[in-house]
Amino acid sequence: MQREQISVFDMFKIGIGPSSSHTLGPWRAAQQFVQSLEQQGVLPLVEQVKILLYGSLAKTGRGHGTDIAILLGLSGDDPVTFEVDQITTKIGDITATHKLQLGGIQAITFSVVDDLLFLFNESLPFHPNAVTFQAFLSNGKAVSETYYSIGGGFVVKEGGSNQTKQEVDLPFPIDTAADLLHWCIKTGLKISEVVMENELAWRSEQETRTGVLQIFKALKECIYRGCHTTGQLPGGLNVARRAFKLNSKLIGNNAYSNYDEWVLAIRKTGEGFKNILDWVSCFALAVNEENASFGRVVTAPTNGAAGVIPAVLQYYIVFCEGNTDQRIIQFLLTASEIGSIFKKGATISAAMGGCQAEIGVSSAMAAAALTECMGGTQRQVLMAAEIAMEHHLGLTCDPIGGLVQIPCIERNTMGAIKAITASQLALQSNPEKAKVSLDAVVKTMWQTALDMNSKYKETSDGGLAINIPISLPEC
């Protein structure tokens, strides 16, 4: 049986909001389709392209920017490097001119209305997030490929492998928390050290460290930007940004020219419980307001839950003396391994498992990472992850208007606070006496996901999405 091999750079991806499964995944799928056309040698023959969106991608696609992401992906743009302030202009040009440069080189006629179809009442069996691309060629033939966005920016092509990269010989193969604990006990290594040893199968330690610090750079820039940006979020709900006002209230109206100066100023505001609570909420709000505004974020492990891990990491940096490269790398490596265990044993897709699969997983990841960095044992780290997820079980995904705003943004603040609480509980507990294991909670989460009604799985067909007067129906 082929094991799924997941790197830290699979769990943490730099991209553009608002959704990893509905924005980043479809964007990557569109890129892969263009690449497939190139590999088949038919890209110059393409005259028309049609896109069919199914299931959750159809029902909440517009609110999540799925249509925008696909058009940019087909145009040859990359979510890591594309300038976010150019999105509106580029989409406006495609819409107005009815022209699209496929792969950036092949001009085709394209109608946003007629060629990009939202099939609200149709789903494909493999996964709720499905998209089919159809290319019609000048020789009368056609190419059709279907892709599934399975959460966290991961994409699977129909008929293809679930592997995200070439398989390697990992020194410590891990599918479950029991596997991870086995290797930790056998080697005496911390969880982050086990992860680093596995990463060496793909690249050098220096390359991994550099890459992780690039992830952190994107995280801290997102937090800083979100705390210093005013206005309303796009989409029609007229949700006002709150991180800016909260930051100003906590720190005063002083201007700080960079992230490091800002961190020093935050430390001076004190270490009282209420103050720290407000700051953690502020950090999480900042990230997810950026995400909702099509800003550049990091999937952690998804966009909808992108604020939890940065908020807890920022708490560690500011209030727990965690502001060193080594400690930041340790935090993110530990978090990534917990996320990979949930992906292998359950899901990180809200379309498959509800919000427990996003906020719940991110909270477990953050709790584990903080616990290791605060000196917890390997068992305490796993216990913290278990506690955090245990108290997110059954959390539904019911975004109002299909937008990653209400209740999604506030849920990141709750996930972050729960992660810190779970870490504290684990650090003050004897994990030998724990009644629930992390593997048991992963299994329970997956069973809960299977039992959950589809209207609570990122379809906006139930819950808050239909009970709030300002909700925007997608169909």
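Mentor: A residue is buried under 20% relative accessible area, exposed over 50%, and partly exposed in between (1.4 Å probe, protein chains only). The model is predicted: local features need pLDDT of at least 70, side-chain atom pairs count only at pLDDT 80 or more, and totals for chains, interfaces and linings use all residues. Numbering starts from 1 along each chain as its sequence is written, and side-chain values use heavy atoms, without hydrogens and water.

Trainee: How many aromatic pairs are there?

Mentor: Rings of Phe, Tyr and Trp (its six-membered ring) pair if their centres lie within 6.5 Å. Planes under 30 degrees apart count as stacked, over 60 as edge-to-face, the rest as tilted. The aromatic pair count is 14.

Trainee: What kind of pair do Trp 27 and Phe 82 make?

Mentor: Their ring centres are 6.4 Å apart. Their planes stand at 70 degrees, so the pair is edge-to-face.

Trainee: Are Trp 27 and Phe 82 buried or exposed?

Mentor: Trp 27 lies in helix α2 and Phe 82 in the loop between α5 and α6, so the pair ties together parts 55 residues apart in sequence. Helices here are DSSP runs (H or I, at least four residues), numbered from the N terminus. Both residues are buried.

Trainee: What kind of pair do Tyr 315 and Phe 319 make?

Mentor: Both sit in helix α13, 4 residues apart, about one helical turn. Tyr 315 and Phe 319 are buried. Their centres are 6.2 Å apart and their planes at 40 degrees, so the pair is tilted.

Trainee: Which residue has its charged end over the ring of Phe 154?

Mentor: A charge sits over a ring if NZ of Lys or CZ of Arg is within 6 Å of the ring centre and within 35 degrees of the ring normal. Here the distance to the centre is 4.4 Å, and the residue is Lys 343.

Conventions. Helices (H or I, at least four residues) and strands (E, at least two) are DSSP runs, numbered from the N terminus.
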